[in-house]
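Please work through each task before reading its solution.

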Amino acid sequence: MVADAVQRERALFDRFAKADDLDEEAEAYAEELEDAELPEDDLWGLDVGVISAVLALSALGALPVSSCNAGGFGGRHAEAFPLVVLYLPRELAHAVLNLARKAGAGVDMIEGGLVRLFGRTDYDLHRFAEFALREHSPDPARQFGRDRSR
């Protein structure tokens, strides 16, 4: 699922990069999503730029609760920079911090014990997912280094 999201999101990055009018392309994309029948068809309703990071964090065992791409692909958004807010189990903290560092993303604590993964651009969060995919899914029987057979 994460590999598919990374690939689909990368294709969306290319699509938006080629657009003459970003807001117009965002509207066209939003209209396409209206025909989605399954959550995965519209990439779970997530903003382009945070899709793969949200799924990678979930696969690692974190619980994302909020995300925003800060308008990096058109439209008006609530946040000033792309981010994912999550509950992060203590045993995953080191792995997430390491992945964020490699991706050029930041991690900090916010109120209520929540953790925020953020980037200067959406590409930082996408790189986070790419690193998570590479480093935590070496064996098809294991998902992101967590053996499901136990």
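**Exercise 1.** Determine how many bridges join strand β3 to β4 and which way the strands run.

*Solution.* Strands are DSSP runs of E with at least two residues, and helices are runs of H or I with at least four, numbered from the N terminus. Two strands pair if DSSP finds at least two bridges between them. Strand β3 (residues 106–110) is joined to β4 by five bridges, and the two run antiparallel. Within this pairing, glycine 106 stands opposite phenylalanine 118. The hairpin of β3 and β4 has three residues between the strands, and glycine 112 there adopts a positive phi near 75°. Strand β2 (residues 83–87) is likewise antiparallel to β4 (residues 114–118), through four bridges. Here leucine 83 stands opposite phenylalanine 118.

The model is predicted: local features need pLDDT of at least 70, side-chain atom pairs count only at pLDDT 80 or more, and totals for chains, interfaces and linings use all residues. Residues are numbered from 1 along each chain as its sequence is written, and side-chain values use heavy atoms, with hydrogens and water left out.

**Exercise 2.** Classify the ring pair of phenylalanine 16 and tyrosine 29.

*Solution.* Rings of Phe, Tyr and Trp (its six-membered ring) pair if their centres lie within 6.5 Å; planes under 30 degrees apart are stacked, over 60 edge-to-face, and the rest tilted. Three aromatic pairs are counted by this rule. For phenylalanine 16 and tyrosine 29, the centres are 5.9 Å apart and the planes at 80°, so the pair is edge-to-face. Phenylalanine 16 lies in helix α1 (residues 2–18) and tyrosine 29 in helix α2 (residues 22–33), so the pair ties together parts 13 residues apart in sequence.
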